[in-house]
Amino acid sequence: MNITIMKINPNNTQFWDNKRNRITSGVGVWRGGEDVFFQGYSMKDDLIGKKSYMQIIVLNATGRLVEKSFSDWLEGNFIGLSYPDSRIWCNQIAALLATNGVSPTAASAAAILAADSRAYGGSYTSQIGIEQLSEIKSKYQGNQSFEQSLAHCNRRNGKPMINGFARPVDKDDERIAIYESLRKQLSIDVGEHLAFALQLSDYLQSKFGLAVNSGGYANAMFLDHGFSGEEAARIKAAAVLSGAIACFRDNQNKRAEFLPMKCKDIEYRGPKPRPLD
């Protein structure tokens with residue numbers, strides 16, 4: 001790795017002087033008492049009352065104002081990522097903080113951070129899954145078999161680990177049929193990435209008992225609409241918020257009651273006690 005070291009003349013502050021008290025933005029600006037501009041769109045003339053909040057989320061995350069059909073599908077995907085169930089890890093945190101008098105904003109932020117995971121949550125997993133799906137598709141279209149296309153994937157119990165094509169509890173994801181129905185209802189065509197994801201799902205199901213899940217379906221939809229993994233991660237940064245708030249509300253008046261445990265409730269399987277040399 002090459003590292004460039006810049007020599008700074010402490011007597012020459014022109015660079016910093018030119019930036020002093022100046023913020024340069026490429027995303028938007030508020031003109032007090034007049035208007036706010038989002039990526040060049042006027043809040044009062046173009047957005048409020050004319051575009052959905054989901055369209056604005058995508059606009060602010062990527063700079064693109066997407067069609068209403070895709071934003072409506074994406075809204076359905078967000079609903080499918082925000083279950084009001086306190087057993088889910090990020091929701092557990094929101095519920096626990098509620099019993100300790102923490103503000104809803106702080107509890108929500110903690111829940112969102114807990115979902116910033118390689119395993120679940122929608123944000124970072126989207127980036128990983130989109131990159132994996134793109135790579136596998138590229139290998140497969142380069143005249144490789146599915147077996148060859150998946151040879152580079154990490155394995156667990158002999159099964160390829162592909163983000164978006166597994167589920168920890170029940171391999172049948174109840175959201176897929178709903179996403180398909182919504183896609184058809186909104187007249188969104190099956191793109192090349194979604195078609196490939198479903199084909200890959202059939203192969204994985206027959207060979208390993210794995211199938212496409214909510215994340216895998218959404219990743220293919222993102223790719224078919226021209227989004228990168230990094231853009232998808234920004235769009236889904238707070239996708240678990242609604243379910244976390246529900247669990248916060250459910251436990252807000254239950255002081256110190258959430259998931260009480262004793263030491264013996266933990267089954268320790270690590271090394272036996274040993275002296276410290």
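**Burial, exposure and backbone features of the predicted model**

Cys90 counts as buried, at 2% relative accessibility, where buried means under 20% relative accessible area, exposed over 50%, and partly exposed in between, with a 1.4 Å probe and protein chains only. The structure is a predicted model, in which local features need pLDDT of at least 70 and side-chain atom pairs count only at pLDDT 80 or more, whereas totals for chains, interfaces and linings use all residues. Residues are numbered from 1 along each chain as its sequence is written, and side-chain values use heavy atoms, with hydrogens and water left out.

A search of the whole structure for disulfides, each defined as a pair of cysteine sulfur atoms within 2.5 Å, finds 0 of them. Cys90 accordingly takes part in no disulfide, and the nearest cysteine sulfur, which belongs to Cys247, is 8.1 Å away. Cys153 also counts as buried, with a relative accessibility of 9%.

His193 is found in helix α10, which covers residues 192-208; helices (H or I, at least four residues) and strands (E, at least two) are DSSP runs, numbered from the N terminus. With a relative accessibility of 14%, His193 counts as buried. When its neighbours within four places in sequence are left aside, His193 is in contact with Lys137, Ala220, Leu223 and Asp224, contact being defined as heavy atoms within 4.5 Å.

Most residues other than glycine have a negative phi. Asn143, although it is not a glycine, has a positive phi of about 70°, and it lies in the loop between α7 (124-141) and α8 (146-149). The relative accessible area of Asn143 is 75%, so this residue is exposed. Ser187, which is likewise not a glycine, has a positive phi of about 60° and is placed in the loop between α9 (175-185) and α10. Ser187 is exposed, with a relative accessible area of 61%.

Leu259, Met261 and Ile266 make a nonpolar surface patch of about 330 Å². Patches are made of residues with over 30% relative accessible area and no salt bridge, with like charges joined within 9 Å and nonpolar side chains (Val, Leu, Ile, Met, Phe, Trp, Tyr) within 5 Å; a salt bridge is a side-chain nitrogen of Lys or Arg within 4 Å of a carboxyl oxygen of Asp or Glu. Accessible areas come from the Shrake-Rupley method with a 1.4 Å probe, and for residues only the protein chains shown count as cover.
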